[in-house]
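Morning, everyone. Let me walk you through one structure. Have the sequence and the 3D view open.

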Amino acid sequence: MKVQTVIPAAGMGERLGMSRPKALVEINGTTLIRHTLQGLSSFFTELPAIVVFPETFYEEFNRACRDMNVLLVAGGAERQESVRNALTSLEADAEIVILHDAARPFVSPDTVRAGIEACREWGASTLAVPVSDTILMVNEDGFLTDTPDRRQLWACQTPQIFLKELLLSAHVRALSEGKQFTDDASLIRYYGGKVKIVPGHGDNFKITTPEDLNYAAYKMQKECP
Ligand code: CTP
Ligand code: MG
């Protein structure tokens, strides 16, 4: 089955608080989007990876993705819209879609392969890790309301991997019903799809805050000095 990779990279990185979109921030001299593409390069040798960029930054993304088998597609205000825009550019013969956030540069090819296998068997998969902290539900007044059983709680990661037709039809429904989701596995599940959880690694964390960025720079320096 032919696989096509989609990388949502159209967010502005407000929590990171830099003067440019998060995917263009440099870590040890290389942009975040390029680090993430390098980690996934074995999955877009056949069909191009679709990188979703913030509309006014075409030139910068074009430079960051130079010499790579990449198609640039303009994103939207929300992640879901960015993904939807990419779906309209998928190749006709793609059968499986790998969705991976630009903000996770430490993705390991082995876990992507495990995700693809789970997708082949179940139609949809997401990487996730069991949470180690106890999670508290808190109300608007700042009081504890509930403590969900930690054994059932997993933190969502990407890649999330789907049969193309399943993903397309769920996005069409979400658009027509005006429903918003922050990840595609939750969207698929909402419309009745089965999503297999593939255990990932804490290493594959999402760069969200300045602390995450510092840690990523330290880790890359240590791994490839
Ligand atoms: N993303 C996107 N389009 C959007 C919003 C987010 O393609 N409109 C992408 C981001 O570029 C990122 C991934 O979705 O690779 C996960 O989003 P997040 O980590 O929240 O990134 P940002 O939205 O950029 O960060 P923030 O929420 O702090 O602004
Ligand atoms: Mg965001």
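One term before we start: buried means under 20% relative accessible area, counting protein chains only. Keep in mind that this is a predicted model.

Take helix 1 with that cut-off. It covers residues 32-40, and seven of its nine residues are buried. Which ones? The buried residues of helix 1 are L32, I33, R34, H35, T36, L37 and L40.

Now step back to the loop between strand 1, residues 3-8, and strand 2, residues 26-27. L24 lies there. Buried or exposed? L24 counts as buried because its relative accessibility is 6%, and the cut-off is 20%. F57 is 33 residues away in sequence, yet the two C-alpha atoms are 9.4 Å apart in space.

On to ligand 1. Where does it sit? In the largest pocket. There are 18 residues around ligand 1, and P8, G13, E14, S82 and K206 come nearest. By class, that shell has seven nonpolar, four polar and seven charged residues.

Now the backbone contacts, each to an oxygen atom of ligand 1. A polar backbone atom of E14 is at 2.7 Å. For M12, a backbone N or O atom lies at 3.2 Å. For A102, a polar backbone atom is at 3.3 Å. How much of ligand 1 does the protein cover? On its own, ligand 1 has 560 Å² of accessible area, and the protein covers 87% of that.

That's the tour. Questions, please.

Key. Residues numbered from 1 in each chain as written. Chains lettered and ligands numbered in written order. Predicted model: local features only at pLDDT ≥ 70, side-chain atom pairs only at ≥ 80, totals over all residues. Heavy atoms only, no water. Near = heavy atom within 4 Å. Polar contact = N/O pair within 3.5 Å; in protein donor to acceptor, adjacent residues only side chain to side chain. Areas by Shrake-Rupley, 256 points an atom, 1.4 Å probe, with all protein chains shown as cover. 1 Å grid on protein atoms, 1.4 Å probe; cavity = no way out; pocket = protein on both sides within 12 Å on 5 of 7 lines; lining within 4 Å. Sits in = over half its atoms within 2 Å of the grid points. Nonpolar A, V, L, I, M, F, W, Y, C, P; charged D, E, K, R; others polar. Buried < 20%, exposed > 50% of the residue type's maximum accessible area, 1.4 Å probe, protein only. Helix = DSSP H or I, 4+ residues; strand = E, 2+ residues; numbered from the N terminus.
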